[in-house]
Amino acid sequence: MPSNNVALITGASRGIGAETAKLFARQGFAVCINYLSNVAAAESVRQEISKAGGRCIVVQADVSASEDVERLFEALDAQLGRLSVLVNNAAILRPQSKFADISESRFMEMLKTNVLSTFLCCKEASKRMSLKGGGIGGSIVNISSRAAVSGAPNEYVDYAASKGAIDTLTRGLAAELASEGIRVNGVRPGFIHTEMHASGGESNRLERLKSNIPLQRGGQPSEVAEAVLWLASMHASFVTGSFIDVAGGL
Ligand code: NAP
């Protein structure tokens, strides 16, 4: 990768986002590590990248709020220069619930954090990348979930629906932005070892469910990061509107 490549990874303080930021940095990208509130986790990602000789900045921003997203992109423009890769990774999961027990406010929060954030960041990124707008193109990778396919019944249909929306947004944007030099693809992880399962109310969920996974184990965040890197890279230059499932065969 040329060293002037610049990647923004939302929600890069922990889990899949953190591993993706570190992998991109190892590949020579200057990386913008975005986070919501866990400054210590974000700083530890920064330190690891810096120690290894990588270039990165850390920017706190709630990516579901348009004013924060504007500030995030302005910081990126000023400190790293032209954006070439956006990874929409930040998302939330709420405790396992039957559909009937999911409140309207929880449903709206889920859509705002998981879907509106992707919409807002894609808008800012595509303005900068678009050939028609004077940019040089770029690549967007949206982190969806196998839940978009399963629907996550009895657990998180709100989360699954938000990821279904991400898939549709990915397909539509891929077709609309292709002529502007922007590729848009998705990665659908499933059962990855991160703190998200604790947010979902069951920290040892993967232990309970691993025998249902064809590969008989949960995945590592680094295994998802590899798929994100490939889609973002020129190795995937003829790939747009596509999805890679990283879910052990599910
Ligand atoms: P995680 O460990 O819970 O980390 C979530 C990250 O998102 C954190 O860095 C958090 O920042 C950030 N974040 C949350 N809300 C934000 C907001 N409004 N603005 C900015 N950042 C925000 O999650 P993960 O498991 O790595 O998941 C990463 C992605 O993979 C998500 O899109 C998730 O839906 C998807 N996924 C995960 C799994 C899995 O099994 N883990 C399966 C399928 C899909 P703070 O640290 O500041 O809180």
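Two strands are said to pair if DSSP finds at least two bridges between them. With that in mind, I turn to a predicted model and to one of its bridges: Ser139 has Arg183, in S6, as its bridge partner. Strand S5, residues 138-143, and strand S6, residues 182-189, run parallel and are joined by six bridges.

These two strands belong to an open sheet of seven, ordered S3-S2-S1-S4-S5-S6-S7, with parallel pairing. At its edges are strand S3 (55-60) and strand S7 (243-246), each of which pairs on one side only. From one strand to the next, the twist averages 15°.

Which strands does helix H1 touch? Helix H1, residues 15-26, packs on the sheet and touches strand S1 (6-9), strand S2 (30-35), strand S4 (85-88) and S6. The direction of helix H1 makes about 170° with that of S1. Helix H4, residues 104-129, also packs on the sheet, where S4, S5 and S6 are touched; the direction of helix H4 makes about 175° with that of S4.

I now come to the aromatic residues. The structure holds two aromatic pairs. In one of them, the ring centres of Phe24 and Phe29 are 4.8 Å apart and the planes stand at 55°, so this pair is tilted. Phe24 and Phe29 are both buried. Tyr156 and Tyr159 form an edge-to-face pair, at 6.3 Å centre to centre and 70° between the planes. Tyr156 is buried, with a relative accessible area of 4%, and Tyr159 is buried at 9%.

Finally, Arg188 lies over the face of Phe243, at 4.3 Å from the ring centre.

Technical notes
Residues are numbered from 1 along each chain as its sequence is written. This is a predicted model: local features need pLDDT of at least 70, side-chain atom pairs count only at pLDDT 80 or more; totals for chains, interfaces and linings use all residues. Side-chain values use heavy atoms; hydrogens and water are left out. Rings of Phe, Tyr and Trp (its six-membered ring) pair if their centres lie within 6.5 Å; planes under 30 degrees apart count as stacked, over 60 as edge-to-face and the rest as tilted. Buried means under 20% relative accessible area, exposed over 50%, partly exposed in between (1.4 Å probe, protein chains only). A charge sits over a ring if NZ of Lys or CZ of Arg is within 6 Å of the ring centre and within 35 degrees of the ring normal. Helices (H or I, at least four residues) and strands (E, at least two) are DSSP runs, numbered from the N terminus. Axes are lines fitted to C-alpha atoms, for helices over the stretch in contact, and angles run from 0 to 180 degrees between N-to-C directions. Contact means heavy atoms within 4.5 Å.
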